Structures are given as structure tokens and as C-alpha cells.
Amino acid sequence: MAAYERLIARDLPYALIVEDDVVLPPQIHGIVAGIEAALRPGDVVLMFNWPKNIGVFSTVDAVPIGNHRLCLPMQMSGLGSTAAYVITREAAEGILRVNRPVVVTSDNWNYFFENGALTRGRVISPNVVALKPFESTIFVSGSKLGALLKSNALFKPLLAARRRVLTEKMPVSMTFTNEISPFA
């Protein structure tokens with residue numbers, strides 16, 4: 001919410017929002033420039049998508065950005081995660097309007113769409129950013145043992161391997177179709 005307020009206060013057209021456990025690629029500036037060129041008011045573009053259920057995305061009129069492509073979902077529930085995303089000022093204003101006081105988590109893109117906070121959500125595929133396996137300040141372990149394991153140098157390679165396995169499974173959570181998205 002504070003990031004959205006800052007975006008609005010600075011009168012910026014869009015912002016890149018990044019959580020603390022995200023690793024940005026070296027070509028991030030070019031990727032964001034490609035996203036910027038395709039933005040419309042009310043847009044949000046996920047640079048890392050990890051939906052709770054299998055998300056189906058349309059390849060019809062997908063916008064190429066380097067080795068990636070911007071795809072529209074077939075259902076907004078196919079969007080999941082706030083690890084890294086580009087959001088327009090209009091979408092930030094809309095989310096502040098419908099989620100204050102907070103009624104849903106920040107990655108409930110379907111709720112935001114259904115309540116008119118954003119006009120369109122897309123993903124860039126494959127995921128542009130990676131997640132770093134460390135104890136995030138956003139989601140901290142409730143157990144002392146979990147926090148100890150995450151901070152112990154001996155366990156960091158195991159945690160990194162676990163994160164890689166989880167990330168490799170991610171494409172299974174996203175499928176693609178040559179049908180036109182209802183959000184086109």
C-alpha cells in the first residue's frame with residue numbers, strides 16, 4: 001500500500017514493485033522498457049507468476065519482449081504472486097480504493113479485477129525473475145527452528161535446491177492456449 005501511495009505521490013505513470021527475496025536479471029531495464037511500451041491504464045504485469053491453481057494463458061497477440069512474451073490470462077484467477085510486477089498508477093489507485101481497509105492479500109488479482117481496481121492483468125513468460133532462498137522480511141517463519149535452518153550456512157544450499165525444484169515445477173502451473181483471452 002505504501003508503494004502505491006508513493007507511486008501516486010510522485011505522479012509516476014507506473015512502478016516496478018519487487019519483494020525482498022527477488023533476484024532481478026541483468027537485462028531488467030530492457031524488460032521493463034518493453035513492458036512500459038505495452039502498458040495501458042489500469043494494467044498490472046506479473047514478472048513472476050505462481051498461481052494457486054493451473055493458470056491458462058492466451059498466446060494470441062502475445063507481445064514479444066526479448067526471449068519472453070506478455071500473455072493475457074483466460075481467467076484472472078490464473079494470476080498469482082506479488083514477487084515482482086509492474087503496475088500502472090490507475091491500477092494502484094484502484095487497489096487502494098477497494099482494499100482499504102485491507103480485506104484481501106496483495107496477490108488477489110482476481111478480487112481486484114472483479115472490483116474494478118484494475119482493467120487488465122498479464123504475465124510475462126517465462127518468469128523474468130528468480131526467488132532467493134532466505135528468510136524474507138515479508139513472510140517470516142513462525143518457528144525458531146525454521147528461522148535457524150534458513151539462516152544457517154550449512155542449510156542454504158539445500159534451501160536453494162528446494163527453491164530451484166519448486167521454480168522448475170512452476171511451468172506446470174501455467175499452460176498456454178491459442179484461444180483469444182476474454183480480456184483481449
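Are Asp43 and Arg120 buried or exposed? I looked up both: Asp43 is buried, and Arg120 is buried too. Here buried means under 20% relative accessible area, exposed means over 50%, and partly exposed lies in between (1.4 Å probe, protein chains only).

**Ground rules**

I am working from a predicted model, in which local features need pLDDT of at least 70, side-chain atom pairs count only at pLDDT 80 or more, and totals for chains, interfaces and linings use all residues. I number residues from 1 along each chain as its sequence is written, and side-chain values use heavy atoms, with hydrogens and water left out.

**Entry: overview**

I counted six helices and nine strands in the chain. Helices (H or I, at least four residues) and strands (E, at least two) are DSSP runs, numbered from the N terminus. The chain has 184 residues, and 41% of them count as buried. I put its accessible surface at about 10000 Å², with 59% belonging to carbon and sulfur atoms. Areas come from the Shrake-Rupley method with a 1.4 Å probe; for residues, only the protein chains shown count as cover. Next I checked contacts, meaning heavy atoms within 4.5 Å. Among those between residues at least 6 apart in sequence, 79% join residues at least 24 apart.

I traced an open sheet of seven strands, in the order 1-6-3-7-5-4-9, with mixed pairing. Strand 1 (14-18) and strand 9 (174-177) are the edge strands, each pairing on one side only. From one strand to the next, the twist averages 35 degrees. Two strands pair if DSSP finds at least two bridges between them. Strands of a sheet pair through backbone hydrogen bonds, either parallel or antiparallel.

I then went through some pairs. Strand 1 and strand 6 are antiparallel and share five bridges. Leu16 has Val86 of strand 6 as its bridge partner. Strand 3 and strand 6 are also paired in the antiparallel sense, over three bridges. There, Val44 stands opposite Ile87 of strand 6. Strand 5 (residues 68-73) and strand 7 (residues 120-125) run antiparallel and are joined by three bridges.

How many residues of strand 6 are buried? I found five of the five buried, so strand 6 is largely enclosed by the rest of the structure. Ala84, Val86 and Thr88 point one way, Tyr85 and Ile87 the other way, and all are buried.

Helix 3 (residues 89-98) lies across strand 1, strand 3 (43-46) and strand 6 (84-88). I read its angle to strand 6 as about 95 degrees. Axes are lines fitted to C-alpha atoms, for helices over the stretch in contact, and angles run from 0 to 180 degrees between N-to-C directions.

**Entry: salt bridges**

I found five salt bridges in the structure. The test is a side-chain nitrogen of Lys or Arg within 4 Å of a carboxyl oxygen of Asp or Glu. Asp43 bridges to Arg120, with the closest N and O atoms 2.7 Å apart. This pair links distant parts of the chain: Asp43 is in strand 3 and Arg120 in strand 7, 77 residues apart. Asp43 also forms a salt bridge with Arg122, at 3.3 Å between the closest N and O atoms. Arg122 is in strand 7, 79 residues from Asp43. Both Arg122 and Asp43 are buried.

In helix 3, I looked at Arg89 and Glu93, four residues apart, about one turn of the helix. Their side chains meet in a salt bridge, 2.9 Å from N to O. Asp11, Arg89 and Glu93 are linked in a salt-bridge network. Glu93 counts as partly exposed because its relative accessible area is 30%.

Where does Met74 lie? I placed Met74 in the loop between strand 5 and strand 6. Met74 counts as buried because its relative accessibility is 18%. Its contacts beyond four places in sequence include Val56, Phe57, Thr177 and Phe183. Ser181 is 107 residues from Met74 in sequence, yet their C-alpha atoms are 5.0 Å apart.

Ser125 is in strand 7. At 10% relative accessibility, Ser125 is buried. Ser125 touches Asn67, His68, Arg69, Met174 and Phe176, leaving out residues up to four places away in sequence.
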